[in-house]
Amino acid sequence: MLQAARSAGKSESLDRLLTDYPRGPHDQPQSMCPAFGALRIGLRMRRTATILSGSACCVYGLTFTSHFYGAKRSVGYVPFNSETLVRGQLYEDIRNAVYEIAKPADYDTVVVINLCVPTASGVPLDRLPKVIDGVRIIGIDVPGFGVPTHAEAKDVLSGAMLRYARLEAESGPVSRPRAVAGLPTVTPIGELFPLDPVGIGALLAPMGLAVGPQVPSREWRDLYGALDCAVAAAVHPFYTASIREMRAAGRQVVGSGPVGVDGTAAWLDAIGAATGISADTAKARALPAIRAALDANPIRARITVSGYEGSELLVARLLTEAGATVPYVGTACPKTEWSEPDRAWLESRGTHVQYRASLEQDIAAMTDAMPDLAVGTTPLVQKAKALGIPSLYFTNMVSARPLFGSAGAGALAAIVAAQTKGRERFARMVSFFGSAGAGESAGYGWTDIPKDPPGSKDRYRKAREAKAKATQAVGT
Ligand code: SF4
């Protein structure tokens, strides 16, 4: 598909994706369809229509997942068949759909996302009009063979929107963001638990700074507010395209995040250095409270952490500061300069940090470390349970509780304690079930490897040979 896309004129788009999101040990995503990340960002934004262009099976899966995660609006779809794809009619159909839906009374923006097949076929979304009756049109390619994780696909759309908004702001007056802080702001980059921006705001208040609108934004005009910051904070370190736009707007960008005592101190210092404001008062106010929260909620466990959200290193830092031993942290996201302080901090404490970790690496690290708790992705958690290791889905751990400041310091201990208690119960389950349902005996009624009917292999081989001969005969 990569070759097909290149010969269909998509080289520029693919080169940009491959530069922004370098590949890891495998060239295919190991988690959900990457386009889900971009789709989710579009669906969460007010007055934004999101249209998919792709195979019906992909769109079915993406629509299902979106609504499973509580999308509040419809997913648009322009269907195609072999003929409309090959004849270029699909592009015309998308164009017509965009004209039909781009009504200023309903929408600020229409986003069109090319999935694998239309990208490989070269459907030229960049030729769509940039604006129709004041409604912005944004077309992006998010193929599974060009974007390694759904996390990075969030950046594909966020970066495209920031770019559009930046060019608008550079060429004339734009709408005022809904909430204007009245103070210089810090723009957090990354999807955060709703309490976290509030906590970050409290940390910044003694410096005379406030939290600005986040990227990914919830409304178009918030993009202007996000760009109009004193400094951007790449809390999730994989937003390469968005950070490029921030820099193009002349903004400094700070990496890592305010986790634990060390992390918060270093992060406040970095914000202070970027803005020229002393962080001493902010640190004096925040750090004792974080220390107290960590001391009141100690974690005594050996924990491995793996995930694809981008915040794995921050979570590992917080667990370590709370007293846990973290021998391994794997993230499906790539190494960037924005997580560099976290990598250095973790490695100096003996943690192995694996960027672009594959599922195989995560599983190998877990079976090697045999932790008290394995925090990870669904297949890793499944493997851990089969081994009798207590485990927890990373997304559930981070999506339901704060991570930053003193609120974050107190939040993880309870869930870790609750989960690690299960070890004895898991061990009993493993010994009770033994090897039942494992390997070839999985499924009802199987006890060993099913046998082929006698002679079947021979019959199929002969049939294949006869078919091959017949095909050759047609060619002669
Ligand atoms: S084929 Fe491509 S678009 Fe379809 S589900 Fe897979 S990665 Fe997503």
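Two strands pair if DSSP finds at least two bridges between them. Helices (H or I, at least four residues) and strands (E, at least two residues) are DSSP runs numbered from the N terminus. The model shown is predicted: local features need pLDDT of at least 70, side-chain atom pairs count only at pLDDT 80 or more, and totals for chains, interfaces and linings use all residues. Residues are numbered from 1 along each chain as its sequence is written.

**View 1. Four strands form an open sheet with parallel pairing.** The strand order is S7-S6-S8-S9. Strand S7 (210-211) and strand S9 (252-254) are the edge strands, each pairing on one side only. Strand S8 (residues 231-233) runs parallel to S9, and three bridges link this pair. Ala 232 has Val 253 of S9 as its bridge partner. Helix H11 (residues 260-275) packs on this sheet and touches strand S6 (185-188), S8 and S9. The direction of H11 makes about 170 degrees with that of S9; axes are lines fitted to C-alpha atoms, for helices over the stretch in contact, and angles run from 0 to 180 degrees between N-to-C directions.

**View 2. A cis peptide bond joins Val 215 and Pro 216.** Omega of this bond is about 0 degrees. Pro 216 belongs to the loop that runs between S7 and helix H9 (220-227).

**View 3. Helices H7 and H9 pack at an angle of about 75 degrees.** Their axes are 9 Å apart. The angle makes H7 roughly perpendicular to H9 (65 to 115 degrees; under 35 counts as roughly parallel, over 145 as roughly antiparallel and the rest as oblique). H7 contributes Met 161, Leu 162, Ala 165, Arg 166 and Ala 169 to the contact, and H9 contributes Leu 223, Tyr 224 and Leu 227; residues are in contact if their C-beta atoms, placed from the backbone, lie within 7 Å. By class, the contact of H7 with H9 holds seven nonpolar residues, no polar ones and one charged residue (Ala, Val, Leu, Ile, Met, Phe, Trp, Tyr, Cys and Pro count as nonpolar, Asp, Glu, Lys and Arg as charged, and the others, Gly among them, as polar).

**View 4. Five strands form an open sheet with mixed pairing.** The order across the sheet is S2-S1-S3-S5-S4. Strand S2 (76-77) and strand S4 (131-132) are its edges, each pairing on one side only. Six bridges connect strand S1 (residues 48-53) to strand S3 (residues 109-114) in the parallel sense. Within S3, Ile 113 is the bridge partner of Leu 52. Helix H7 (residues 150-171) lies across S3 and strand S5 (135-141), at about 140 degrees to S5. Asp 133, found in the loop between S4 and S5, has a positive phi of about 50 degrees although it is not a glycine.

**View 5. Nine residues surround the ligand: Cys 33, Ala 35, Gly 54, Ser 55, Cys 58, Gly 61, Leu 115, Cys 116 and Gly 144.** A residue is near a molecule if its C-beta atom, placed from the backbone, lies within 6 Å of it. The shell around the ligand has five nonpolar and four polar residues, with no charged residue.

**View 6. Helix H12 (residues 280-296) and helix H18 (residues 405-420) have axes that come within 8 Å.** The axes cross at roughly 5 degrees, which makes H12 roughly parallel to H18. From H12, the contact uses Ala 286, Ala 289, Ile 290, Ala 293, Leu 294 and Ala 296; from H18, Gly 405, Ser 406, Ala 409 and Gly 410. The contact of H12 with H18 comprises seven nonpolar, three polar and no charged residues.

**View 7. Domain 1 and domain 2 have centres separated by 30 Å, taken over C-alpha atoms.** The domain assignment of the protein gives domain 1 (2-148), domain 2 (185-288) and domain 3 (294-430), with bounds from an automatic or database assignment. Nine residues of domain 1 contact seven residues of domain 2. On the side of domain 1 that touches domain 2 there are three nonpolar, one polar and five charged residues.

Technical notes:
Contact = placed C-beta atoms within 7 Å.
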